[in-house]
Amino acid sequence: MTEIKTDETGSGRPGRPGRPGRPDPGGYAAARLHLLHEEAPAGPPRRAALARATDAWLGGLLGAARGVAMVAVGGYGRGELSPRSDLDVLLLHDGSADAPAIAALADRVWYPVWDLGLALDHSVRTPAEARKTAAGDLKVHLGLLDARHIAGDPTLTAGLRTAAYEDWRAQAPARLPELRELGEERARRQGELRFLLEPDLKEARGGLRDATALRAVAASWLADAPREGLEEARALLLDTRDALHLATGRATDRLALQEQHQVATGLGLPGADALLREVYEAARTVSYAADVTWREVGRVLRARSGRPRLRRLLGGRGGRGGFVEPERTPLAEGVVEQDGEAVLARTARPERDPVLPLRAAAVAAQAGLPLSRHAVRRLAGAGPLPVPWPDEAREQLVTLLGAGESTVGVWEALEAEGIVSRLLPEWEHVRCRPQRNPVHRWTVDRHLVETAVRAAALTRRVGRPDLLLVAALLHDLGKGLPGDHSVAGETIARDVAPRLGFGPADTETLATLVRHHLLLVETATRRDLDDPATVRSVTDAIGHPDTLELLHALTEADALATGPAAWSAWRASLVADLVRRAGAALAGGATPSRAEAAAPTVEEERLAIEALRTGGPVLVLRTRPEGADAPTDTPTGTPTDPKDAGAPAPVGIELLVAVPDQPGVLPATAGVLALHRLTVRAAELRAIAPEPAVGGSALVLNWRVAAEYGAPPEAARLRNDLVRALAGTLDIAGRLAEREAAYGKRRRGVSPAPPRVSVVEGVSRAATVVEVRAHDAPGLLHRIGRALDAAGVWVRSAHVSTLGANAVDTVYLTRRDGSPLPDAAAVALAKAVEDALR
């Protein structure tokens with residue numbers, strides 16, 4: 001039978017003009033008014049009561065009819081009628097009646113609806129026609145998944161609903177990517193609900209459409225959304241829409257500024273900001289659930305494609321019964337990569353390793369991987385960090401903040417389980433806090449994370465990238481507190497910094513940065529830069545060139561994270577001019593922050609003598625477990641058992657190496673450490689000439705390293721590999737190149753800031769000082785050493801510090817005759833090293 005379908009515009013006008021309407025049977029209009037304003041409590045009970053009343057009215061309009069069913073679909077099918085919701089109705093018939101009879105029956109139902117001024121989205125179809133239409137229209141198919149019988153023949157409704165679900169599950173591999181693309185297109189058009197001052201509760205990302213899409217994914221049986229808090233979040237958005245409909249008297253989903261206070265009152269909230277925070281929290285829950293769900297859908301669909309399965313069958317590990325385990329690549333102690341996510345290792349014990357949440361988050365962000373939901377839920381059970389934080393915890397936080405764009409997703413995963421607020425209780429105050437200044441694109445919490453993302457790209461400009469990144473995270477924590485948020489933020493910074501393990505000097509710097517994070521831009525744009533008092537106001541507040549350098553980078557990161565209107569070439573030039581003038585004023589009394597090494601210790605001299613006596617390298621390896629007061633010697637051949645269930649890796653592996661002075665010591669030693677997956681945290685290299693009777697000089701390298709995962713290597717293995725490396729029989733470069741290629745594939749598009757190599761003037765009269773600021777990738781120090789060796793210079797001392805994922809390395813160089821490099825040669829060398837690192 002040919003499909004009979006009336007007008008579906010939902011415009012409130014009949015598809016056949018001139019047909020007479022029918023009176024309102026049973027007083028539905030009065031009952032509806034009573035429900036909305038007097039009888040039913042707000043929220044789900046009122047929506048359900050309104051749906052029941054509407055069912056009874058429409059059922060009465062249909063009357064007795066054979067071979068016909070009236071079906072509610074979409075939101076009405078779910079029983080979620082807001083005061084101004086459309087009525088989504090399908091008139092289903094078995095095809096036995098002729099077209100005029102079906103049309104007359106439809107008119108008998110539709111016209112009274114229009115007479116009441118209600119919006120109606122309606123159609124007339126047979127079950128076969130409904131399935132055919134759904135096959136070509138995703139939105140129709142989604143509506144049928146919520147089909148609910150209203151009146152007429154229930155077998156027709158039941159048959160259609162069963163067929164709709166069967167078709168959906170059979171077609172899910174093709175339809176779910178289409179559904180995801182619809183959501184992404186909607187997000188591009190409408191934006192992110194939790195960051196909009198006037199959000200669309202339905203269409204924006206994290207809104208009601210996305211919540212409905214998650215129901216459809218669950219109906220496919222391919223994946224399911226996280227359930228915790230999702231239904232509550234969805235109910236909050238529906239309640240807000242109900243209050244919005246009642247406040248405006250219109251069918252609108254846009255929460256406009258002028259309606260927010262009235263809507264808040266309708267929901268019993270104290271004001272518009274409280275309303276937005278509630279709405280933003282709900283949208284955050286829906287968005288996170290969508291991220292997790294779509295990631296799982298992608299994993300399932302990839303697995304079903306056959307290619308990953310074939311790859312595992314050819315190269316994976318077999319198990320009992322022919323089961324092939326998924327590939328698990330170690331990332332850090334207690335963390336592995338599996339199926340494109342960072343997950344916890346089988347031996348990980350978060351309850352015994354309080355640093356694990358930060359370590360897992362940092363390595364995931366650095367690799368550009370999402371943290372799996374299961375991993376995050378387990379990490380939420382980690383024990384509390386001691387106060388002050390151990391060094392590793394602080395370093396991992398800095399590494400997480402310095403990962404760039406990938407920090408955002410990992411940070412939000414931690415927030416979803418309350419881990420951020422547990423690590424940093426002050427965070428709860430700014431969580432989802434709106435900023436009504438139209439210049440701001442983000443809520444306060446997201447602005448702080450975005451500032452860290454922007455700061456990560458500027459870390460090569462500063463000597464202390466760790467302070468820059470932490471200041472970015474803290475600078476607006478005072479917002480929403482009484483008084484000037486910068487003053488309140490300074491107090492918070494003075495409390496938080498020591499808790500994170502920063503010393504008094506660093507705490508003072510962080511407090512200064514937070515207190516004066518608006519100083520440069522406000523002074524540069526509002527004051528006369530030629531007036532000495534203008535520059536003096538900056539120097540009096542900042543006090544030190546290094547702090548000024550940090551504040552300049554923080555100012556730019558803060559402005560870029562605010563929005564496009566907050567930073568421009570004009571503002572940047574004004575701020576740069578002010579910084580140049582203030583820096584010149586501070587330079588006169590400034591003390592250089594870089595200094596050559598102190599005198600060698602007795603142990604270093606002893607090792608140097610032993611190296612010269614034996615003609616080969618001498619090593620001493622110690623481990624300092626977290627919380628130990630002194631290092632512990634690790635006897636050769638007795639490493640820590642890597643299978644120790646959940647025990648945290650030693651974070652303070654100290655290594656002293658003495659080698660007779662010769663070319664290539666630095667790259668060889670650094671390369672051997674990289675091959676053994678030891679991350680350099682700090683290092684010093686110095687030339688020692690012991691007693692004249694011994695003759696010659698030795699290079700002594702003092703390293704502080706950390707094992708990426710597992711136990712540290714045996715000292716004997718390190719020495720044997722170092723002997724081979726110095727002899728040229730160990731292909732360090734080739735093996736590291738393979739490692740770096742695999743590392744690059746894992747990074748999923750993460751792009752750290754490019755390296756920066758510069759010559760530092762005025763620090764040493766006896767040597768040329770070159771400073772390298774770069775991302776701490778595997779083998780970095782090895783590549784620096786090779787570039788220096790290729791240039792034919794002599795490394796007299798080197799001072800390496802790793803601050804999170806940022807390495808700041810200072811190298812003192814001379815020519816072979818012991819004299820500093822000429823200026824032009826030093827600049828050329830710096831460029832050559834920078835090119836080698838790129």
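Before I start: I call a residue buried under 20% relative accessible area, exposed over 50%, and partly exposed in between. I also note that this is a predicted model.

Entry one, E549. With a relative accessible area of 28%, E549 is partly exposed. I found that E549 forms a salt bridge with R773, with the closest N and O atoms 3.9 Å apart. E549 sits in helix α25 (residues 545–562) and R773 in strand β16 (residues 768–775), so this pair ties together parts that are 224 residues apart in sequence. R773 is buried, at 6%.

Entry two, E228. I looked up its side chain and found it in a salt bridge with R373 (2.8 Å, N to O). E228 is in the loop between α8 (208–220) and α9 (230–248), and R373 is in helix α14 (residues 373–379), so the pair links parts that are 145 residues apart in sequence. E228 is partly exposed at 43%, and R373 is partly exposed at 23%.

How many salt bridges does a search of the whole structure find? I got 62.

R686 counts as buried at 10%, while E684 counts as partly exposed at 34%.

The axes of α5 (residues 127–136) and α6 (residues 138–145) come within 5 Å and cross at roughly 125 degrees, so I put them down as oblique to each other. The crossing is left-handed. Residues making the contact include A130 and T133 of α5 and L138 and V140 of α6. I sorted the contact residues into 5 nonpolar, 3 polar and no charged.

Key: Residues numbered from 1 in each chain as written. Predicted model: local features only at pLDDT ≥ 70, side-chain atom pairs only at ≥ 80, totals over all residues. Heavy atoms only, no water. Axes fitted to C-alpha atoms, helices over the stretch in contact; angles between N-to-C directions. Helix = DSSP H or I, 4+ residues; strand = E, 2+ residues; numbered from the N terminus. Parallel < 35°, antiparallel > 145°, perpendicular 65-115°, else oblique. Left-handed = near helix turned anticlockwise from the far one by under 90°. Contact = heavy atoms within 4.5 Å. Nonpolar A, V, L, I, M, F, W, Y, C, P; charged D, E, K, R; others polar. Salt bridge = Lys/Arg side-chain N within 4 Å of Asp/Glu carboxyl O. Buried < 20%, exposed > 50% of the residue type's maximum accessible area, 1.4 Å probe, protein only.
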